[in-house]
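Let's take a walk through a protein model together, one stop at a time.

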Amino acid sequence: MREQRRKDAVWRFLTYTFVLTATVVMLVPLYWMVVAASLPQELFIEFPPRLYPGTSFFENFTALQERANFVRSIGNSVFIAVVYTVISILLCSMAGFAFAKYEFRFKEPIFYVILATLVLPIQLLVIPLFLMMSQIGWTDTFRAIILPWLANPIGIFLMRQNMQSIPDALLESARMDGATEFQLFYRIALPAMRSSVAALAIILFLFQWDLFLYPLVILEDAANYTIPVALAGLEGTQRVYYDQIMVATSLAIIPLAILFLFLQKQFVSGILAGSLKE
Amino acid sequence: MSTWLPNDDRPGADSDAGSLRSRAWDRFRFARQTYSRVVPEVGPVAYLFIAPFFILFTLFLAFPIAYTLYLSFFRYEGVSGDRWFWVDLGPIFVEVPQIAELQFVGFGNYVRILGDGLFWQSMFNTTYILAIQVPIMIGLALALAIALNASFLRFKGFFRTAIAIPVSANIVAYSTVFLLLFNEQFGLVNYALATIGAEPIAWLRSEFWARKTIIAAVTWRWTGYNMIILLAGLQNIPQQLYEAAEIDGASRIEKFRYVTLPQLKPVLLFVVVLSTIGTFKLFAEPYVITGGGPTNATITIVQYIYREAFQSWNLGYASALTVIFVAIVSVISVIQIRIGGDN
């Protein structure tokens, strides 16, 4: 018995050590990023590196703004991601509603065709999309960044799955009360899907937020750059201003990390819902 | 569909015509008839519901997939100026802008891939990174999930949040942070090595260490993500199984081996497939951290496709590379599912 207790204590100690180490490893890069952003360039490239924040964050920020207008890139990214998320949720849930609650011809084949594209790495469609956008003169526009990904196969799959749980009798009684089909969708189905919509919103937002290769190809004017493209551009310049770059990465990462703290439940259900994929 | 409707096939339902009850039944029958007519009438509405999705899907997903396949048999010779071609659809004649100036080369692009040293190098790099990164990450994620699932652990919420927070980090932003963390002169990693008395490492100048840097970065970003999925899987294992194992006197390792692993297998398999495909698609990290170097030691397949397409403008050849790449990814995921499904 005492032997068992000793073993348990050792096990507990090991578990805590492991979890604590992992926590430190995960947080240190973020902490160091903020520290680096607040140091003047001279201190930054010093060895040994300083491990506590300095006071130059706002100076670095001003310098960054003068050089690259990073705030504008953040605005672009937020605008694109929000518009994309809202429209895509509407399209996916409308189509998901139809697939869950209506019978119509070619329902199964259409659904399976859409489902089949789930396994494809769709980000790789850059080449044909680039040619199409060049042809219709849409390069360097936000609509070129938003439109191609609106019909998201994960979105329709998720919404169909969850909309199936809405009882038919509920829709039927609303129909009896004279509701139109579209009212059934946005008055009854959509409100009932609040948690699925939140999860899907997280999936879609992060998808668009992290999109890099495609906007890198499509966007030309620096004023239209999204965060990832702007960051890649900062790094490509001849003289690299690390302090300013760290301000930029802080501004890219910290707001979303804070959002993660507050909306953790939704993030987790988004990750789990996205993992239904296969 | 109509559970609330009374069954009107009862014997005698038709016989007492004229009575109040019969009229009620008539009304029910009528309602049911109109109802059953309503269902097919909903059809066109359903098409309206799926139309926006379906149109965008066809234009921006189905067509580009087909067009990639088509392009892979051509050599790209520039954007077509004002070229149009005509499509004869019987009664209507459609004018379609030609998307690009193309030269048919048959299987030429595919033959070229076979002898393309840089393509095989990028295949090797990607596989190398994958073969090390995925097992390490899944192992860590599983260990962390088990630790966080332990009943005695306190501050669970805090630990879970801290470990999962990289999930929210923008890909290019975090890659840039890692570029500086692993800087040879002033990076934090070399500083940590110095404090324990080790020699500094030229992370980004050596083939061996450059690959390890990419592996470290990807592992940092995705371990928490996989941990969340595995944790949900662990929480779905019925507690009774563990209690039964305890009664049989199973040790911790035996419980892991005979209860946790078999119960978690589908989730584990899923996470492995997802991570394999994810690492196969690696682009931003090597683009930002190593630029594919040194001497192409970290160039990945997607990065090579990007170079061929948008720096050398060999769009036809890059399309052929894409087709091969997608084929490989699909084969790998099918194999993994097969292997996992057999045991």
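Is N69(A) buried, exposed or something in between? It has 15 C-beta neighbours inside 10 Å, so N69(A) counts as partly exposed; a residue needs 20 or more such neighbours to be called buried, and 12 or fewer to be called exposed. You will find N69(A) in the loop between helix 3 (57–68) and helix 4 (70–101) of chain A. Its backbone is worth a look too: the phi angle of N69(A) is near 45°, a positive value in a residue other than glycine. Keep in mind as you look that this is a predicted model.

Because F155(B) has 13 C-beta neighbours inside 10 Å, it counts as partly exposed.

Now try F61(A), which belongs to helix 3 of chain A. F61(A) has 20 C-beta neighbours inside 10 Å, and therefore counts as buried. Pick out I203(A) as well: F61(A) and I203(A) are separated by 142 residues in sequence and by 30 Å in space, C-alpha to C-alpha. For a contrast, go to A66(B) in helix 1 (residues 20–71) of chain B. A66(B) counts as exposed because it has 11 C-beta neighbours inside 10 Å. Between the C-alpha atoms of A66(B) and I328(B), which are 262 residues apart along the chain, the separation is 18 Å.

Let's step back to chain B as a whole. How many helices and strands does the secondary structure of chain B have? There are twelve helices and four strands. Chain B has 343 residues, and 38% of them are buried. Among its contacts between residues at least 6 apart in sequence, 67% join residues at least 24 apart. One helix to look at from the outside is helix 8 (residues 239–247) of chain B: of its nine residues, the number buried is zero, so this helix lies largely in the open. After helix 8 of chain B comes G249(B), with a positive phi near 75°.

Two packed helices are described by the angle between their axes and the distance between the axes. Helix 3 (residues 117–149) of chain B packs with helix 11 (residues 301–310) of chain B at an angle of about 150°, and their axes are 8 Å apart. That angle makes helix 3 of chain B roughly antiparallel to helix 11 of chain B, because angles over 145 degrees count as roughly antiparallel. Which residues meet here? From helix 3 of chain B come L118(B), F119(B), S122(B), M123(B) and T126(B), and from helix 11 of chain B come I301(B), Q303(B) and Y304(B). Sorted by class, this contact between helix 3 and helix 11 of chain B holds five nonpolar, three polar and no charged residues.

The two chains also touch each other. In this meeting, 76 residues of chain A are in contact with 78 residues of chain B. On the side of chain A that touches chain B, helix 1 (residues 2–37) of chain A gives the most, with twelve residues. That side of chain A is made up of 60 nonpolar, eight polar and eight charged residues.

What about the inside? The largest nonpolar core has 174 residues, and the members that touch the most others are A95(A), L200(A) and F53(B). Helix 7 (residues 207–235) of chain B gives the most to this core, with 14 residues. Follow F53(B) across to chain A: leaving out residues up to four places away in sequence, F53(B) touches L91(A), C92(A), M94(A), A95(A), A151(A) and I156(A).

Finally, how confident is the prediction? The model scores ipTM 0.88 and pTM 0.85. Chain B has an average pLDDT of 83, with 80% of the residues scoring at least 70. Within chain B, confidence is highest in helix 3 of chain B, at 95, and lowest in strand 2 (residues 84–89) of chain B, at a mean of 60. Two stretches call for care. Over residues 1–18 of chain B, pLDDT stays under 50, and the model has 15 contacts beyond four places in sequence for them. Over residues 36–41 of chain B, pLDDT also stays under 50, with one contact beyond four places in sequence.

Definitions and conventions:
Residues are numbered from 1 along each chain as its sequence is written. Chains are lettered from A and ligands numbered from 1 in the order in which they are written. This is a predicted model: local features need pLDDT of at least 70, side-chain atom pairs count only at pLDDT 80 or more; totals for chains, interfaces and linings use all residues. Axes are lines fitted to C-alpha atoms, for helices over the stretch in contact, and angles run from 0 to 180 degrees between N-to-C directions. Helices (H or I, at least four residues) and strands (E, at least two) are DSSP runs, numbered from the N terminus. Angles under 35 degrees count as roughly parallel, over 145 as roughly antiparallel, 65 to 115 as roughly perpendicular and the rest as oblique. Two residues are in contact if their C-beta atoms, placed from the backbone, lie within 7 Å. Ala, Val, Leu, Ile, Met, Phe, Trp, Tyr, Cys and Pro count as nonpolar, Asp, Glu, Lys and Arg as charged, and the others, Gly among them, as polar. A nonpolar core is a set of buried Ala, Val, Leu, Ile, Met, Phe, Trp, Tyr and Cys residues joined through C-beta atoms within 7 Å. pLDDT is the predictor's confidence in each residue, from 0 to 100.
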